[in-house]
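Student: Could you walk me through this fold, starting with the helices and how they pack?

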Amino acid sequence: MTKFNTYEEIYEIVEESLVNVFEKDRGSIFPDSDFKEDLNLDSLDKVNLLIELEDIYGKELVTDENEEDEQRFYTVKTPHELTSLVLEIVNKLNKGENSE
């Protein structure tokens, strides 16, 4: 289990996952690369990317219980948008853990 707490850490993991899991060339991945148009990822690939992030983090990041985050996940189009969303979710999770 890896805790990631900064934008840079999360972006690095997103980028690594795109390289290792989806066999994308690191040189073709930019924060504003479009998942569909530039990286040829479909919605199922995005779900698999989320599962990879959850496996690394050791906790579900997007659940049916939080419809807003779930809806936002399905609308992210770039590594930057995904990283920002995951950072926001991680911050909420960390805040919840610290208040217990």
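This is a predicted model: local features need pLDDT of at least 70, side-chain atom pairs count only at pLDDT 80 or more; totals for chains, interfaces and linings use all residues.

Student: Happy to start simple. How many residues does helix α1 have, and what distance does α1 reach from its first C-alpha to its last?

Tutor: Helix α1 covers residues 7-20, which gives 14 residues. At 1.5 Å a residue, the expected reach is 20 Å. The model comes close to that, with a first-to-last C-alpha distance of 20 Å.

Student: Are α1 and α2 parallel or oblique to each other?

Tutor: Helix α2 spans residues 43-57, and α1 packs with α2 at an angle of about 125°, their axes 10 Å apart. Angles over 145 degrees would count as roughly antiparallel, and 65 to 115 as roughly perpendicular. The pair α1 and α2 is therefore oblique.

Student: Which residues of α2 do Ile13, Val14, Ser17 and Leu18 in α1 meet?

Tutor: Ile13, Val14, Ser17 and Leu18 are among the buried residues of α1. On the α2 side, their partners are Leu49, Glu52, Leu53 and Ile56. By class, this contact has one polar residue, one charged residue and six nonpolar residues.

Student: Which residues of α3 make the contact with α2?

Tutor: Helix α3 (residues 67-75) packs with α2 at an angle of about 125°, with axes 10 Å apart. From α2, the contact uses Lys46, Val47 and Leu50. From α3, the residues are Phe73, Tyr74 and Thr75.

Student: Is glutamate 54 buried or exposed?

Tutor: Glutamate 54 sits in helix α2. Leaving aside residues up to four places away in sequence, glutamate 54 touches Lys59, Glu60, Leu61 and Val62. The cut-off for buried is under 20% relative accessible area. Glutamate 54 has 12%, so the answer is buried.

Student: What is the phi of glutamate 23?

Tutor: Most residues other than glycine have a negative phi. Glutamate 23 lies in the loop between α1 and α2, and glutamate 23 is exposed, with a relative accessible area of 71%. Although glutamate 23 is not a glycine, its phi is positive, at about 55°.

Student: And where is asparagine 40?

Tutor: Asparagine 40 also has a positive phi of about 55°, although asparagine 40 is not a glycine. Asparagine 40 is exposed, with a relative accessible area of 57%. Its place is in the loop between α1 and α2.

Notes: Residues are numbered from 1 along each chain as its sequence is written. Side-chain values use heavy atoms; hydrogens and water are left out. Helices (H or I, at least four residues) and strands (E, at least two) are DSSP runs, numbered from the N terminus. The expected span of a helix is 1.5 Å times one less than its number of residues. Buried means under 20% relative accessible area, exposed over 50%, partly exposed in between (1.4 Å probe, protein chains only). Axes are lines fitted to C-alpha atoms, for helices over the stretch in contact, and angles run from 0 to 180 degrees between N-to-C directions. Angles under 35 degrees count as roughly parallel, over 145 as roughly antiparallel, 65 to 115 as roughly perpendicular and the rest as oblique. Contact means heavy atoms within 4.5 Å. Ala, Val, Leu, Ile, Met, Phe, Trp, Tyr, Cys and Pro count as nonpolar, Asp, Glu, Lys and Arg as charged, and the others, Gly among them, as polar.
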